[in-house]
Amino acid sequence: MNSTFRRGSVIDVSRRRFVQGLSVGAGAAGLGLFSPRQLLAADSVVPAPPTPMVLSGAAFDLTIGDTPMNFTGRLQPTTSVNGSVPAPTLHWREATVVTLRVHNRLPTSSSIHWHGLLLPFQMDGVPGISFPGIAPGETFTYRFPIRQSGTYWYHSHTRFQEQTGLYGAIVIDPAEADPIQADRDHVVLLSDWTDQNPEHVFATLKQMSDYYNYQLPTAAQFARDARTNGLRAALDKRRRWNRMRMIPTDLGDVSGATYTYLINGASPAANWTALAKTGERVRLRLINGSSSTFFDVRIPGLKMTVVSADGQRVEPVTVEEIRLGVAETYDVIVQPPEDRPYTIFAQSMDRSGYARATLAPRAGMQAEVPELDPKTWLSMTDMGMSNRQMDMTGQHAAHGSSQDMGAMQGMHDMKGMNDTNGMGEVPGMSAPMSIKDMQSTDPAIDMRIMHPSRALDDPGPRLRGNGRRVLTYADLHTVGGATDQRAAMREIHLRLTGNMQRFIWGFDGKKFSQAEPIHFDHGERLRIVLTNDTMMAHPIHLHGMFGELEASDGHVLVRKHTFVVQPGKQLSYLVTADNPGQWAYHCHLLYHMEAGMFREVVVA
Amino acid sequence: MSTPPKAQSKRLVAAIALIGSAAVHAEQPAVSTPPPASSPMTATPARAMAPESAEQPSMNPEDMKGSMQMMPDSSAHAPDASLERPAASERYKPPAMPGMDMDDASIQHRVFIENLEAVNSARNGGAWDAQAWVGGDFNKLWLKSESSRLAERTEGAKLEALWAHAIRPFWDFQLGARHDFGAGPARVWGALGIQGIAPYWFDVEATAYAGDAGRTAARLKVEYDLYLTQRWVLKPEVELNAYGRADPQRQIGSGLSDGQFELRLRYESTRRFAPYVGFVWDRKFGATATMARSNGDSAIDHRLVGGLQFFL
């Protein structure tokens, strides 16, 4: 089953080297010339890490290959573009027409999808939906007009080639003067790398879905809890999780147990560096190009002003931390006030590791790297338990997104009650929803949320009440508002469902292979309502058309190509079906997508 | 941002009229009111695709008007029947496109060697307990085998082949056959059971068997992985066997015949591979115990075990 290569199935390298990676990140062509031993020898020196090359213009030749590279101490095959992982940054200009000749030098089929680009469906690059894929040795020529500007990215849509390296940034300059002024402009492309063959990772998840989870509830924790909070509280905290057969630390499928987290292809040890002088306005284009990892990004000592989300300009909002769902992009402006280095710290949502880069006035500098945040449990909010309790946590979340940081610190203990107490009953509140209500009889669905919260101001698990001002969707307001003032003529309700234990994922309990395409009438304005019946956050991406997120009062907040639906939550967005053809609609967690959390959308 | 309901309903009527006109000109694509031209999102369809059918389900403007005022609070969005209707393009079938590589119905497999151990007791030897499956998400073929060989004698040797069908989120229904071999004549049984995870994370297998000559049997196995730390795991396991009628040639009496309580402490160097040490308390009951004693065997056996758990 894991035909091509079976190496790397054992996690046996020293943990430190594994998570930190090598001090020499790969990313440049020709790295395959070095043996792993030579690269290891270079561990003590910290050379300037390579930045993905930038290709500008209107015509491009992109060659997909399998250049071996070294991120962890072992030379591994990758899926590269022009010999590079990440793939080269493509620099385009709005209102031009680009031509991309993509040559496949792999022994297998390949493809490139331009994520967030509005283009004719034949150019969208999804095998079996937009085109038949690019056969080995073949060239496919993409050609389309650029009708937008901002930060986007591109990646393979074939099997797990995105995981093995086929992802890169797209930067599109506006046709007119850029309203976002900056002295420096850096792409910060986050990703996750594994030395294991992703086909093997997928097979492993089907065999044992918590294989990569090294934060399972333990007897040792229970003993500590019982000592601190009493036996009764310790039992209460666990009862619901155990009755429901859910793991309260199930925030991701694949963790730092196998992943090394990268920024622009550089491991934490390689420390990719963005240069900026004191006082300069620096535009960082944050892109989450990982296959399975949400990142919480912050730059200790600096505030970030978000100016763009998924390539769309937003009213500037200043925050200290941003959770970047898989496939989301945010542009932020930072202004280093002192002549010193600052750490760009991106911890994985499950706190099993981090990516790290440095913003510094000169190369070769580094600042302190923060500790990983605690591995708190998911809470009742994430289970969509009892509305009243949820509203209460919702209020906490609202506080978290207010400016009042001092007050937030003070509430820390109280937060602990909800967050770390997990699903235990909180005295004086209404009884939580019964477990019976949440259970399903469908083998493809391991839980249902009866009363999902629609709160958009919740930063999400492991960010609530951390004392930092964290960006939420409620903070985002697209400049100019909705593009289409019509109200929804039709609604499509989809539930995000799964069975974690069996590693089955789908919409409405159906996998892609079990479901018919979803139809949009060409030209209609429709509302998509997504309800997350799982304990994981899912980044849901519609190809070819943007969605406009609705606030609870119905007004449009932000235009995005990828919406993260938090566990136990519901959100709705409006889509104008103005792009006819066949499109993919899916969860952007690669392993969920390949497991079937995918639909074809037909606009006709 | 919010628009007065009246204005909304007006706009809605206009939209309906627009769709209505699209229905009349079925061969023309239903082009929507174009968004403002200044927007970067303005879409110019690259290739207009006329719907094969532009039949429009009837829409009651009154219903729609009501629906426009929905979602006033932060409570869950109630599905609105008037807005939940199929697309007019439902009958349009996109041309078949080769190259789909999504493989969400792939065949997976797992070979799980639960115990492969050396046994130290009054009678030294070795034992194994293994399970393997191959199949998709909802239907799998399971093979289960267990046996021990103590003091040159093979005991409790079983091989089962079962079709497993997912019937509940955490439970499989199993149907198949069991073959007993080792000491005494071989026996073949039909098997029917369930296997899955009970609340509080107990792994449970409960199987009923029917053999020739009216023989029946039942087996229950319950085990639990207690994670002491992320890598040290204590696994208690209880197994009980019962038989409908005696089978003296295989030293089995009727009723509850034997039970094992086992406790193993393993260290997961990875989740895939774990050496362990353990203790097995094996006891025969009732008529089976009597038979054992009359043969000079003990009805109770204690064993120290050490071995490997791994899966492929």
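A nonpolar core here is a set of buried Ala, Val, Leu, Ile, Met, Phe, Trp, Tyr and Cys residues joined through C-beta atoms within 7 Å. Buried means that 20 or more other C-beta atoms, placed from the backbone, lie within 10 Å of the residue's own.

This is a predicted model, where local features need pLDDT of at least 70, side-chain atom pairs count only at pLDDT 80 or more, and totals for chains, interfaces and linings use all residues. Residues are numbered from 1 along each chain as its sequence is written, while chains are lettered from A and ligands numbered from 1 in the order in which they are written.

**View 1. The largest nonpolar core and V188(A).** This core has 165 residues, and I170(A), V188(A), I263(A), V306(A) and A346(A) touch the most other members. Beyond its neighbours within four places in sequence, V188(A) is in contact (C-beta atoms, placed from the backbone, within 7 Å) with residues including I263(A), L284(A), I344(A) and A357(A). Another core, of nine residues, lies apart from it, with W189(B) and I252(B) among them.

**View 2. Confidence along chain A.** The average pLDDT (the predictor's confidence in each residue, from 0 to 100) is 87 for chain A. Over residues 1-17 of chain A it's below 50, and residues 386-431 of chain A are below 50 too.

Definitions and conventions:
A residue is buried if 20 or more other C-beta atoms lie within 10 Å of its own, exposed if 12 or fewer, and partly exposed in between; C-beta atoms are placed from the backbone. Two residues are in contact if their C-beta atoms, placed from the backbone, lie within 7 Å.
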